[in-house]
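Open your viewer and get ready to select a few residues at a time. We will start with helices and then move on to aromatic rings.

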Amino acid sequence: MESRRPTQKDVAAKAGVHRATVSLAFKQHPSIPVATRERIFRAAEEVGYQPDPMLSALASYRGRMQKRSYQGTLAWLVVSSEQYYWKAIETFRLYYEGAKSRAISHGYQLEVFELDKNVISPKRIASIFRARNINGVLLCPQPEGSSVIDFPWDHFCFVTFGYSLIKPALHTVTSTQFRAMAQTMRQMHQLGYRKIAFAFHRSHDERADHNFLAGYLAAQYQIGEKPIVFDYEWENMHSFHQWVWKNRPEAVVIGDNLVLRHLDENKLSIPENIGLACPLLYTNKSNLAGVFEDSFHIGEVAIDQLTTMVMRGQRGIPKRVQRLHIEGVWSEGKTLPPLIKKP
């Protein structure tokens with residue numbers, strides 16, 4: 001006969017605490033002091049306790065099969081300022097809409113909170129969350145790259161988007177930016193384009209952890225073509241058409257519609273004079289060829305991850321950050337016809 005499997009009750013008896021305390025400790029709940037948590041973990045090792053994966057799977061299955069009743073509120077937290085209106089950025093708005101829709105299916109409502117340090121402190125926002133029993137927070141992307149945020153993190157589960165936040169490092173859901181660029185370049189190469197230019201706003205590439213530039217450089221290196229990079233800022237955008245005439249690329253891979261507008265204003269017909277593609281389309285109905293990110297779906301996935309963390313009690317700054325990447329879908333558009341080489 002096999003010996004009985006140790007339970008949380010055995011761990012509680014060994015550590016001298018209540019069984020509920022053991023359950024909260026395994027969920028990393030902030031109400032359990034660190035010293036008590038460590039004592040419980042040592043006791044679990046001594047009695048040989050291991051979570052039963054079959055029971056965990058059964059509990060998860062039962063949870064999925066039950067009709068979703070109201071679970072509570074999750075927060076959509078925006079670090080705001082006078083110069084930043086997040087809903088004006090279509091990608092951010094779609095993240096929110098997807099998250100809001102999926103939250104309902106999990107039994108939650110998603111409520112917007114704005115953190116403007118000139119109006120309210122992070123400590124005050126955190127106290128509101130705790131008073132209202134809000135444990136899960138989706139952090140809206142930051143308007144600038146290399147952002148640092150100070151917040152009482154320990155009592156909450158956090159998920160954010162992209163790479164604009166560098167400190168603290170939180171669990172992240174984002175598009176496969178490097179792979180999206182690689183896919184875009186592969187399509188362009190297959191259509192006959194070789195002399196391809198890269199035109200991204202400098203801050204945009206930084207906010208993407210330089211994944212788009214890295215994908216472009218790798219793709220051009222693989223076919224032996226010299227890179228042509230125009231990392232513009234708003235002040236030097238007026239020189240873009242001069243740069244195009246000087247370098248004579250067959251096509252340009254872009255990060256926003258500003259480049260498209262400048263090409264049109266300077267009588268460069270697309271695609272007659274130059275091919276165009278974008279690896280981060282926010283709609284699959286664009287005339288632009290490129291990769292449709294489906295930001296709405298990314299918002300849905302972020303909520304899936306956040307609700308799982310809430311269920312498991314995974315609060316605070318993670319020791320090992322998870323980056324969940326969502327593949328985009330190629331959209332043909334009308335700006336990238338097969339390139340016919342002149343004899």
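Select helices H1 and H3: their crossing is right-handed (a crossing is left-handed if the near helix is turned anticlockwise from the far one by less than a right angle, and right-handed if clockwise). H1 spans residues 8-15, H3 spans residues 34-47, and their axes come within 8 Å, crossing at roughly 115 degrees. Axes are lines fitted to C-alpha atoms over the stretch in contact, with angles from 0 to 180 degrees between N-to-C directions. This is a predicted model, where local features need pLDDT of at least 70 and side-chain atom pairs pLDDT 80 or more, while totals for chains, interfaces and linings use all residues. Residues are numbered from 1 along each chain as its sequence is written, and side-chain values use heavy atoms, leaving out hydrogens and water.

Now show the side chains. On H1, Asp10, Val11, Lys14 and Ala15 make the contact (heavy atoms within 4.5 Å); on H3, the partners include Arg39, Ile40 and Ala43.

Next, the rings: the whole structure has 18 aromatic pairs. Rings of Phe, Tyr and Trp (its six-membered ring) pair if their centres lie within 6.5 Å; planes under 30 degrees apart are stacked, over 60 edge-to-face, the rest tilted. Select tryptophan 76 and phenylalanine 161, a tilted pair at 5.7 Å centre to centre with 50 degrees between the planes. Tryptophan 76 sits in strand E1 and phenylalanine 161 in strand E5, 85 residues apart; helices (H or I, at least four residues) and strands (E, at least two) are DSSP runs, numbered from the N terminus.
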